[in-house]
Each structure stands twice: as structure tokens, then as C-alpha cells.
Amino acid sequence: MPASERTAPRRLREGIRVLASSIYPDLDADLLTDQIVSAFWGTEHSPRKRGRMLQNNTVWNERDAYVITYGNSLVDGEHKPLDLLYDFLRRYLKGTVNAVHILPFFPYTSDDGFAITDYSAVNSILGDWEDIERIAGEFRLMSDLVLNHCSSQSHWFNEYRQGHAPYDRFFFEASPEDDLSEVVRPRAHPLLREVETANGIRHVWCTFSHDQVDFDFSNPEVLLEFLRIMRMHIDKGVRTIRLDAVAFVWKEVGTSCIHLRQTHEIVRLMRLLADFAEEQLVLITETNVPNVENLSYFGNRNEAHAIYNFSLPPLILHGLLNGTSRSLNAWQMAMPPAQLGCAYFNFTASHDGIGLRPAEGLVPDEEIAGMIETVKGFGGLVSMRKLPDGGVKAYELNVSLYDALKGTVKGEDEWNRERFLCSQAITMALEGIPAFYIHSLLATPNDYEGVEKSDHNRAINRHRWHYPDLRDALADEGSRHAQVFAEMKRMLSIRIRQPAFHPNATQFTLHLGEKLFGFWRQSMDRSQSIFAVNNMTDEEVIIPAMSLNLIGGANWQDLLSGETIRAQGGDIVFAPYQCRWITNRSG
């Protein structure tokens, strides 16, 4: 029996009805409410009687950390890549990292998985649903809901071109005569693609590439289909759902076509459904935009549970390349603590490049330009986006983070490893849930061969390791891969035992001068304090212990070095790029 024919809680139905009426004012709200309930819960599931309470201590804690990876980041030519990933997670990360984001593992045609042809299948080159469920059985699994677009070679788009219902109304159309000058673009190619259909020539909307055709969410059947897909993925073990490129899903000609009201209401609807699901779900929005726009996806504690902290990667890179915490400090002091039931998702690198839009308004333009030139000097690449006036502007830096930190604006130096580990220690200590790209964990270099083969800049940081070679590298204590990986695991193993590193523990910025980036964390029960202080420079920095306001009578210790820190009198010395987690309670 469909869930809509069973008893759905009154509060759930009322919440759905309000949102459905606002998103689709011309439709029968009661009928659409029934369809939404049925699409998400199907015939085998029922909603909770009450929505989940907004509580920080039951959704996540200091033990949570994600690794971000493709399903085929590890290959050997013999075993299924998902088998190898499972082995890597269990062999090397079990007990240190408890969650994994496997980037799109569905059949696709381009963009390394983000041009999906079938949302219901696992790419057979990677493995099958059994492999996905096995990983989900031991690690919290994040999966992508790529809801803005699909492949132009998908069954859905082929049906659209043939004029077959319901797909004939699944994709957004516009006219070359329309005024599209205000549309915010993340790419530089033409927005519209001309296609022949059974109904004549049409121009379909392509935000990201001409192989990625945008859906038309003004058709409620599109929304219902994605709710069914969400349910299927949840049934396969997905518990964290990443709403890919969600900022662009609703289009209206004559507007910016980003962050529109209906977009936020669709996220609210999905959050409402998630809160009434029996499974403990987390929705995370992927919105690579300026900081204030990104924060809007928390809503009033009724949209995303977590948002990507997109300003963090360019700010940390800028700080370490320039030897200053100025922009980081200014940004952090203006950042509100995440609301009850919400959290920041902190990262420094991902399968995409290091976004530059999230640094807009936070880093002076001339310093962004200097950062771009420095990274290019270390072998990085730059991707561009189109502006409303027809010009182009740097959108992201494409580079392995380890290689991006080969030196500073002064050039390469001997502090590559220390500088890189400083970037990761900051991420571990900040308010929020930390996530680490597999190629950061492994200190993977720029993959120029991948760029040459694919003709895409982003391939520079999407290397596929030959798994036996990786295992040999990790077994070689003298390799940079083994050294970085071992230190990352050591720091994480310390982090997961500290209540003051709970994603929602109190955080205050410390004012220690531009050379240091510091902040104070306090556990939710106020029993533990940690002063996380990071040297952003290639110089030794010395500060008086009293500048940290350490409480007298407590035994203070640096968790990372093991040193005892005297609260009264004396100095604290920071070697180049040294990070200290100074606490009154070691764990």
C-alpha cells in the first residue's frame, strides 16, 4: 500500500502542502502532497510519527570524518575498483575515518561521472550495488544526487528528443532570443544547445556542458522522479545525500537563475522528508558560490543539515602562500556558528578545483591574481567562467593541493610537507565536520598525463592509483606518500578523542598577529578547551604563553607534540608551519 494511502503525520502533510503550494501554485496541493509522500516512501516504507528533533549531539560528533574518492581512484586491472576501495578503507582507515563520499558511481558519458545516464544502476566498470552496500555496511556513505542535469545520451533525453511522455517535458528549454544576460554562469561555453526533436528544433539549457542537459523542475514530475531516486539510494545504504549543483535547479528567463526562491523551497521539502524518514539522513548542499550565498542554504534550520565550507580552501591556500592569517581571521570572525542541527562541512581539496568565487570579497583581487600566478608556477591550471558582459574570469584552480603548496609567493622551498600538513591540521580543528580528498591523504602529485588524455583541466587532481603501486608506496617509510598519510592518520586519531572538536563545539577566533592563525574550541559540556594555533609562515614564531589566556592550575598539553605548556610565564615556540592543539584535558 502506498504511503499516501496510509496515515502520514498531520505535521508532515501540512509541511509538504505549504511547500508544494508555493513551488507549484497552479496545481492541486492535496494531490501533489499525496504524490510526494508516495514517491519518497513508496510501498515498503512509512514516515516517522514525528520529525527528528534538532539536536547536534545525535547527528554527528568529533569521531566523524569523511574521505572523498571516486569509485575508481584505485585500480589494478584485475579486481573491481569498488572491491579495492573497500579493501583500502578497511585496511588503512578503519577506526580513523568513519565515512566515505563515493563520487558518482553511476553509468555516465562525461565529467567523470556527473553526466549520468542511469540513476538506478552502478557503473559496471566499478562494481555493482552489492559492493556499494558492503561499503555502506561499515562506513557512513555519502552519494551524489545529481539533480540539475543528466547526460545528453541518457534514456530520458533520448525520449525527450522523440517527444515521448513524460520526458518530453523533463528538460528546460529557452530561445536564443531570450534575454539571458543576467544568468550566472560557472562555465564559458554557450548556455543553449540546439537539438532536433520530434516537435522541431529546440534549444535546451546546459549550465555545465553541452553533454549535461538541465532538467525543468517547473514540471513536478521531475521532482517526483528525484524523490523516488532518493528513496532507492537510501534503500541501498546511502545516509548522506549530496545535492550536487543544487543552486541552479530552478530557472526563470530574465533572472540570474541561481538561488531562486523555488530552489530553496525544494531543498526545504527534501529536508522535511529526510527529517521524517526512519533512517538518520543528512542533506548537504554543494553550492560553490560566494560565502554569504552559500550560508543561505542553512535556511532557518530547515534546509541543508550541512553546507560545504567553500571559502575555506582558497583562504587556507592564500594564507599559506602569503604567510598571513589576515583574510582567514577576517572571514572566521564574520562566520556565524552553525545553527542547532546544522554543521559546516570542512575541506581543502576535492575532485573539482579550488574555487575562486568563494574568495570574492574576502581576498583582495590583486592577491587572488598573485595566488593564481603562484599556483601556475607550481604546475597548476586555471579554469574560466563566462561573465554577463561576455568576458571571462578565473573560476577555479586545478591542481593537486600538495603541489599547490610546494612553496610560497616567493617560490618553491623545502617546507612543502610541513605547509601541507598545516593546511590539514587547520581543517581538522575548525568547527564543522572534516573531509579529506583521497589525493590529499596520499600526497598525490599533479596528473599531467590525465589532463592530456582527457583534455580537461580537472583531471590534474583525479589520478587513478595502481593499487599495488600505492601499497608499495605506503609501505616505504621514506616516501612522501607514506609520511603524509601516516601523519594525517596520527592527527585524526588524536582528533576523534577530543570532545572540544565536536562539529558544534564553541569556537572563538584568537588575535595573535598575522603570522599565526588561532582559535579556541570548547566542548559542549565545557569540560575541555583546545587552543588550536597554526604558524602560517616559514619562520619561527614565538609568543608568550599568557597571550592564550590559559587557565592557571590546569595541566596544559600540546596534543600534537606531547609537550607540556606552562600556563604562567614562559614562551611558546612555533617552528615553521607548526600546529599546536593545546588542551587542558588529553584524551
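On a 1 Å grid over the protein atoms alone, a cavity is a set of points where a 1.4 Å probe fits but cannot get out, and a pocket is an open set with protein on both sides within 12 Å along at least five of seven lines, while lining residues have an atom within 4 Å of a point. Grid points are joined across faces, edges and corners, and a volume is the space filled by probe spheres set on the points. The model is predicted, with local features needing pLDDT of at least 70 and side-chain atom pairs counting only at pLDDT 80 or more, whereas totals for chains, interfaces and linings use all residues. Residues are numbered from 1 along each chain as its sequence is written, and side-chain values use heavy atoms, with hydrogens and water left out.

Across the whole structure, the search finds five cavities of 30 Å³ or more, and the largest cavity has a volume of about 240 Å³. Its lining is made up of 22 residues, among which Arg187, Phe208, Ala245, Glu286 and Tyr395 are the closest to the centre. When Ala, Val, Leu, Ile, Met, Phe, Trp, Tyr, Cys and Pro count as nonpolar, Asp, Glu, Lys and Arg as charged, and the others, Gly among them, as polar, this lining has 10 nonpolar, four polar and eight charged residues. The second largest cavity holds about 110 Å³ of space, and of the 15 residues lining it, Phe310, Phe347, Ser350, Asp352 and Gly353 lie nearest its centre.

The largest pocket contains about 1,100 Å³ of space, and its 38 lining residues include Asp112, Ser454, His456, Ala459 and Arg462, the closest to its centre. Helices (H or I, at least four residues) and strands (E, at least two) are DSSP runs, numbered from the N terminus, and on these terms α16 provides the largest share of that lining, four residues. The second largest pocket has a volume of about 520 Å³, and of its 16 lining residues Arg11, Leu272, Asp275, Arg301 and Asn302 are the closest to the centre.

Turning to the strands, two of them pair if DSSP finds at least two bridges between them. Eight strands close into a barrel with parallel pairing, in the order β1-β3-β4-β9-β10-β11-β12-β18, and the twist averages 25° from one strand to the next. Within it, β11 (residues 306-308) and β12 (residues 343-346) pair in the parallel sense over three bridges, and tyrosine 308 stands opposite phenylalanine 345 in β12.

Elsewhere, six strands form an open sheet with antiparallel pairing, in the order β20-β21-β22-β27-β24-β25. Because β20 (506-510) and β25 (564-565) stand at the edges with a single partner strand each, one side of each is left without a neighbour in the sheet. Strand β24 (residues 556-558) pairs with β25 in the antiparallel sense over two bridges, and the bridge partner of glutamine 557 is threonine 564 in β25.

Finally, helix α10 (residues 312-322) is largely enclosed by the rest of the structure, because 10 of its 11 residues are buried, where buried means under 20% relative accessible area, exposed over 50% and partly exposed in between (1.4 Å probe, protein chains only). Among these buried residues are Leu312, His318 and Leu321, and the helix is followed by glycine 323, whose phi is positive, near 65°.

Conventions:
Axes fitted to C-alpha atoms, helices over the stretch in contact; angles between N-to-C directions.
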